[in-house]
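Colleague: I'm new to this one. Can you walk me through a few residues?
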Amino acid sequence: MAKNHKRERCHPLRILKLTRVTVTPAISPVRQASRAYSWYQQHQNLVVEHKRDLQDVVSEADRNVEALIKTLIEERFPDDAVYGEESGGEMGNTSFIWVVDPIDGTACFVNGLPNWCVSLAVVCDGEPVIGVVCDPNHQELFHARLG
């Protein structure tokens, strides 16, 4: 019975709807977050901090882009959880968890190298069901979904 319950929560139509939301330019959290590019253009002025070691950095752009993405997701999917690389998140009692890496490749980002992107995944009951990577430097969007 638990398997059927899981199947209902992770229903392919819900996954398809989430996929459309993540890749449609006007409403996509990842596409909207490509605003990170404007931060990138000012990378020499960013406040940068070290997390665990000298190569593990976080910038104000990371935090601001993550906050934007989380807000967009929470507005559209208030019953889902959102977990960000920089701020974490409350998992609660939900089937769907959105995992956000606002600037994947922060070290490159803060050093002016165009090898960074915005990454987003959707996990349903512990299983990855959607992955989206937006590369604002090359105006590319890659996505995949389960099924």
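Predicted model: local features only at pLDDT ≥ 70, side-chain atom pairs only at ≥ 80, totals over all residues.

Colleague: Where is T19 placed?
Modeller: In helix 2, residues 12-23. Helices here are DSSP runs of H or I with at least four residues, strands are E runs of at least two, and both are numbered from the N terminus.

Colleague: Is T19 buried or exposed, and why?
Modeller: T19 counts as buried because its relative accessibility is 7%. Buried means under 20% relative accessible area, exposed over 50%, partly exposed in between, with a 1.4 Å probe and protein chains only.

Colleague: Which residues does T19 touch, not counting those up to four places away in sequence?
Modeller: I130, H143 and R145. Contact means heavy atoms within 4.5 Å. T19 and R145 are 126 residues apart along the chain, yet their C-alpha atoms are separated by 7.0 Å.

Colleague: New topic. Where is E66?
Modeller: E66 lies in helix 5, residues 60-76.

Colleague: What is the nearest side chain of opposite charge to E66?
Modeller: K70, 4.4 Å away. E66 is buried and has no salt bridge. A salt bridge needs a side-chain nitrogen of Lys or Arg within 4 Å of a carboxyl oxygen of Asp or Glu. For charge, Lys and Arg count as positive, Asp and Glu as negative; His and the chain ends are not counted.

Colleague: And where is D101 found?
Modeller: In strand 4, residues 96-104. D101 is buried, at 17% relative accessible area.

Note on methods. Residues numbered from 1 in each chain as written. Heavy atoms only, no water.
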